[in-house]
Amino acid sequence: VHDGAFIDVMGAFPGFLPGWQPGDPSFMGPGCVEFSPGSRLIHDLDCSAQVAYVCECDGIPAQPSSY
């Protein structure tokens, strides 16, 4: 909803926030992030991008309209 504000699916600031890959954040406007386990860094991208998987650990379905 707000560019530059990173929140988890519960609407809170995550307890663990890895660093950005070099050159990021570069996606203009609200977007999503992809975590790279190899580098332990995040990359910003369009939320319509298809990635391998999404993990949600709280068991509560995401409500994109609340973002």
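Two strands are said to pair if DSSP finds at least two bridges between them, and the strands themselves, like the helices, are DSSP runs numbered from the N terminus, with at least two residues (E) for a strand and at least four (H or I) for a helix. In β3, Asp44 is the bridge partner of Val33, and the strands β2 and β3, which run antiparallel, are joined by five bridges. The hairpin that β2 and β3 form has four residues between the strands, and in this hairpin Arg40 takes a positive phi near 60°.

This is a predicted model, in which local features need pLDDT of at least 70 and side-chain atom pairs count only at pLDDT 80 or more, while totals for chains, interfaces and linings use all residues. Residues are numbered from 1 along each chain as its sequence is written, and side-chain values use heavy atoms, with hydrogens and water left out.

**The disulfide**

A search of the whole structure finds one disulfide, a term that stands for a pair of cysteine sulfur atoms within 2.5 Å. Cys32 and Cys47 are the residues it joins, with an S to S distance of 2.0 Å. The pair links distant parts of the chain, 15 residues apart, since Cys32 lies in strand β2 and Cys47 in the segment after β3 (41-45). The link of Cys32 and Cys47 is right-handed, with 100° about the S-S bond.

Ala49 is also placed in the segment after β3, and its C-alpha atom is separated by 9.9 Å from that of Glu34, a residue 15 places away along the chain. The table gives accessibility, where buried means under 20% relative accessible area, exposed means over 50%, and partly exposed lies in between (1.4 Å probe, protein chains only).

| Residue | Relative accessible area | Class |
|---|---|---|
| Cys32 | 32% | partly exposed |
| Cys47 | 45% | partly exposed |
| Ala49 | 35% | partly exposed |

**Asp24**

Asp24 is found in the loop between β1 (19-20) and β2 (32-36).

Leaving aside neighbours within four places in sequence, Asp24 is in contact (heavy atoms within 4.5 Å) with Ile42, His43 and Asp44.
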